[in-house]
Amino acid sequence: MNAAPKARVDRERVLATASELANRHGLDQLSMSELALALGIRTPSLYTHVTGLDELHRLLAIKGLRELDERLTRAALGKSTDDAIKAAAHAYRQFVHECPGVYTAMVPTPPADDAEWHQAKDQIMDTLLTVLSGSGLSEDEAIHVLRGLRSLIHGYATMELSGAFKHPVNRDDSFQRVLAIFLAGFRSDR
């Protein structure tokens, strides 16, 4: 009986497998040896696809930023401003829950000379600013609101993942309320 042929290992498969491992075990638990084992190759062979963990984390960050941007765009598309903001916020939170390891890779500020990573991070900002554009905010006001919105989502989702919200009151309901308070607050501030 012949064994099934090995799946070809390329950079795309390396990133997909690294994403799965990081999301399952945490980014800090991802190692080159674990990744090679999951791919069914020897660790030295992995270095033909990535130079090491730093590059792998960078590539996971860029991949994650692009995926999050796609999700935000799909969630907000065709909705009124408030509904688009809410939909984008829920899509963002869901991404953090579904991809916690990749999200961890996305959080750090990219090195100043990494244009590709900066472009992926800036695209998220542009998408969210587009979502906010119907609210009549000035450019500076929109940046303030966007910073607050991202902080709200990041803080809430990462606290959920850490197990900080132990009380049995429904966390989805709490998120809805916090988001509604935030939206009402930035509207009343105008």
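Student: How many salt bridges does a search of the whole structure find?
Tutor: This is a predicted model: local features need pLDDT of at least 70, side-chain atom pairs count only at pLDDT 80 or more, and totals for chains, interfaces and linings use all residues. Residues are numbered from 1 along each chain as its sequence is written, and side-chain values use heavy atoms, with hydrogens and water left out. A salt bridge here is a side-chain nitrogen of Lys or Arg within 4 Å of a carboxyl oxygen of Asp or Glu. The search of the whole structure gives 10.

Student: Which residue forms a salt bridge with aspartate 114?
Tutor: The closest N and O atoms of the pair are 2.5 Å apart. Aspartate 114 sits in the loop between α6 (100-106) and α7 (115-132), and its partner is in helix α4 (residues 53-76), so the pair ties together parts 56 residues apart in sequence. Helices are DSSP runs (H or I, at least four residues), numbered from the N terminus. The partner is arginine 58.

Student: Is aspartate 114 buried or exposed?
Tutor: Buried means under 20% relative accessible area, exposed over 50%, and partly exposed in between (1.4 Å probe, protein chains only). Aspartate 114 has 9% relative accessibility. That makes aspartate 114 buried.

Student: Arginine 66 and glutamate 116 meet in a salt bridge; what is the N to O distance?
Tutor: Arginine 66 is in helix α4 and glutamate 116 in helix α7, so this pair ties together parts 50 residues apart in sequence. Arginine 66 is partly exposed at 38%, and glutamate 116 is partly exposed at 36%. The N to O distance is 3.2 Å.

Student: Which residues are linked in a network of salt bridges?
Tutor: Two pairs already discussed belong here: aspartate 114 with arginine 58, and arginine 66 with glutamate 116. The network's members are Arg58, Arg66, Asp114 and Glu116.

Student: What separates arginine 71 and glutamate 67 in helix α4?
Tutor: These two form a salt bridge, with the closest N and O atoms 2.9 Å apart. Arginine 71 is buried at 17%, while glutamate 67 is partly exposed at 27%. They are 4 residues apart in the helix, so the separation is about one helical turn.

Student: Which helix supplies the largest share of the lining of the largest pocket?
Tutor: On a 1 Å grid over the protein atoms alone, a pocket is an open set of points where a 1.4 Å probe fits, with protein on both sides within 12 Å along at least five of seven lines; lining residues have an atom within 4 Å of a point. α4, α6, α7 and α8 (139-162) each supply at least two lining residues. The largest share is 4 residues, from α8.

Student: Which residues lie nearest the centre of the second largest pocket?
Tutor: This pocket has 13 lining residues. Nearest the centre are Ala76, Leu77, Thr127, Thr130 and Val131.
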